[in-house]
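Biologist: Before we discuss any labels, could you show me the model and then take me through the terms behind them?

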Amino acid sequence: MSILSCGSRNGWPGAYDMVFMPGKETGKMTIKDVEEQTGLARSNIRFYEKERLIHPSRNEGNGYRDYSDADVEELKKIAYLRTLGISVEEIRNIIAGNRPLLESVKKQNDALQEQIADLHKAKLLCEEMLRAENITYEALRVEQYVTGLQDYWTENRSVFRLDSVGFLNLWGSLSVWIAVTVACLFVAILFWAKLPLRIPVQWSGGEAVSFVNKNFIFAYPVVCIAIRFLIRPAIYARLRINNCYGVRITEYLTNCLCFVALTVEGFSILYVYGMVKNIIPFLAADAIILLSLLFAGIAFQR
């Protein structure tokens with residue numbers, strides 16, 4: 001068991017006093033001024049801007065951001081709440097008025113209290129184990145420290161949830177991505193020689209409206225590679241899930257996009273041979289199936 005802090009103390013000043021730089025016009029500060037007044041690193045300030053927690057104005061003359069005293073106060077509040085472990089998404093709801101601050105602080109306090117209790121239990125067990133001299137893995141007998149194993153496993157189910165090879169781990173795994181990418185490449189190699197010179201790549205209302213050289217069929221495995229190494233980090237950043245499911249859902253959605261690429265590739269070939277005409281039912285089926293499996297996987301692991 002371990003306590004996971006979502007907050008960052010990077011550069012938080014603690015007991016620093018507000019210092020107004022002489023000669024600076026109040027309400028129009030550069031990011032360097034804000035760094036000096038808050039003690040926060042520039043990267044943190046930029047991140048909170050990107051997350052739209054603060055909204056500095058833009059100087060029409062030079063295009064730079066102008067920070068106000070209100071922005072500085074907002075940054076101090078945001079950074080302080082982050083040190084308490086309150087997530088960016090939660091802070092966004094607080095600022096928007098969708099969540100009372102008191103409610104969020106109570107919720108975080110309860111979560112921390114639970115983590116402290118878990119850590120205290122783990123510490124007591126560690127101390128008990130340390131009282132035995134020269135303890136070894138081979139000589140370890142769990143029942144010596146824990147009575148009622150089933151209840152103990154239940155109390156620590158959050159740990160085992162992270163360790164379980166569940167649905168999201170399986171279908172969001174690297175091996176599934178490799179399998180889908182290889183399938184795209186295999187289909188391209190298998191059908192390339194049999195394709196006409198031009199194949200469809202764009203549809204409108206379900207009908208093909210744009211065609212390219214048949215060599216484009218090899219672009220689908222390349223698309224899968226681009227999805228994993230270029231789009232996947234963007235998906236994770238946009239999800240803003242700061243718990244054990246963030247990475248899992250990102251990996252799963254990445255593989256889903258690759259699966260859609262495989263579907264489009266297969267549909268293009270079937271369209272050329274006159275076996276299908278409309279791509280919308282295929283994409284709709286992909287979306288329904290993959291999203292349903294995602295929600296089912298999350299529910300199962302809970």
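Modeller: Helices (H or I, at least four residues) and strands (E, at least two) are DSSP runs, numbered from the N terminus; by that rule the secondary structure of the protein chain comes to 12 helices and 4 strands. The model is predicted, so local features need pLDDT of at least 70 and side-chain atom pairs pLDDT 80 or more, while totals for chains, interfaces and linings use all residues. Residues are numbered from 1 along each chain as its sequence is written, and side-chain values use heavy atoms, without hydrogens and water.

Biologist: Why are helix 1 and helix 2 called roughly perpendicular to each other?

Modeller: The axes of helix 1 (residues 31–38) and helix 2 (residues 42–50) come within 10 Å and cross at roughly 110 degrees, where axes are lines fitted to C-alpha atoms over the stretch in contact and angles run from 0 to 180 degrees between N-to-C directions. Angles under 35 degrees count as roughly parallel, over 145 as roughly antiparallel, 65 to 115 as roughly perpendicular and the rest as oblique, and the pair is therefore roughly perpendicular. Contact means heavy atoms within 4.5 Å, and the residues making it include Ile-31 and Val-34 of helix 1 and Ile-45 of helix 2.

Biologist: What makes Leu-257 partly exposed?

Modeller: Buried means under 20% relative accessible area, exposed over 50%, and partly exposed in between (1.4 Å probe, protein chains only); Leu-257 has 37%, and is therefore partly exposed. The place of Leu-257 is in helix 11 (residues 245–272). Of the 302 residues of the protein chain, 32% count as buried.
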